[in-house]
Amino acid sequence: MSVTRGTIAGMTSIDEPLLLETAAKYGVPAPVVRELMAQARPCLYLVPYDEVPEARREGIRPAARTGGLPALPDGVNWPDGREPLVLSVDCAALPRGVLDIELPADGHLLLFTEIEYPPESSAVLHIPAGVRTTERSASYQLDGEAREIRVYEPRTLYPVPGLTFDAEWEGGPQISEFLDGDGDQEALDGFEEAVGDLAYGGHRPGVCVRIGGFSDPWDMAPDTGELVLFAQLAGQAVDYNVFTMNLIVGTREDVAARQYAGLQYEQQC
């Protein structure tokens with residue numbers, strides 16, 4: 001069994017001896033380990049510097065920012081609903097070869113959506129590298145009245161590769177046989193948690209922004225069928241007083257083709 005880099009697209013390397021040693025601590029046999037890892041998907045956590053594991057800090061550079069004002073090209077305005085800017089991603093600063101969805105190699109992704117109430121409108125824009133942009137004001141006129149767009153406090157985020165698991169992974173034949181026999185659900189859950197921490201390089205953050213992987217929803221998972229997770233944003237990662245989870249999903253084809261108008265948005269409370 002090989003679980004080193006390349007077994008799962010872009011996953012952080014976890015060598016086989018360490019994985020099996022961890023499994024043994026929880027009483028999880030190798031066939032169950034193999035089945036679990038086959039159902040994993042890589043992701044990128046975007047976290048403040050103090051949540052970057054120490055072993056990953058050398059050479060790391062910022063790759064994203066929550067809040068702030070958008071820098072947009074001439075002729076491109078705030079999205080129609082004038083929803084707040086919640087996340088800006090510097091695509092060139094993301095580690096390459098990590099995700100199993102295709103993001104632009106350069107330029108910036110801007111994510112606009114309301115995190116305080118169910119979003120009536122949301123948008124993802126890609127601003128190509130080299131395009132001249134101007135930071136836009138939060139003030140605008142509507143029917144002759146002055147309006148102000150909500151601007152969240154800017155916070156710099158750093159990318160850390162990680163690993164996620166399908167919420168339905170317990171349904172595999174090897175895992176089912178394990179649980180129907182002498183296996184223990186609590187031990188299996190503990191092993192899954194430990195593998196996720198190993199991939200992250202430390203204890204994974206509970207409140208964060210994440211790109212790719214399986215969703216970690218508070219309700220029904222929206223990434224089902226042909227839909228995969230593009231990004232999820234915990235409200236408190238943007239505003240410490242907001243208790244929501246925003247999930248953005250789409251097909252792999254739309255994500256790869258940058259057809260972001262086809263993305264779907266869901267807010268859970």
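Is Glu193 buried, exposed or partly exposed? Select Glu193: with a relative accessible area of 35%, Glu193 is partly exposed (buried is under 20%, exposed over 50%, partly exposed in between, using a 1.4 Å probe and protein chains only).

Before moving on: this is a predicted model, where local features need pLDDT of at least 70, side-chain atom pairs count only at pLDDT 80 or more, and totals for chains, interfaces and linings use all residues. Residues are numbered from 1 along each chain as its sequence is written, and side-chain values use heavy atoms, with hydrogens and water left out.

Arg204 is buried, at 14%. Show Asp197 too: its side chain meets that of Arg204 in a salt bridge at 3.2 Å, N to O, and Asp197 is buried at 18%.

Next, pick Arg252 and Asp100, a salt bridge at 3.7 Å, N to O.

Last stop: select Leu87, Val89, Leu103, Leu109, Leu111, Ile211, Phe230 and Ala231, which line the largest cavity (on a 1 Å grid over the protein atoms alone, a set of points where a 1.4 Å probe fits but cannot get out; lining residues have an atom within 4 Å of a point).

Key. 1 Å grid on protein atoms, 1.4 Å probe; cavity = no way out; pocket = protein on both sides within 12 Å on 5 of 7 lines; lining within 4 Å. Salt bridge = Lys/Arg side-chain N within 4 Å of Asp/Glu carboxyl O.
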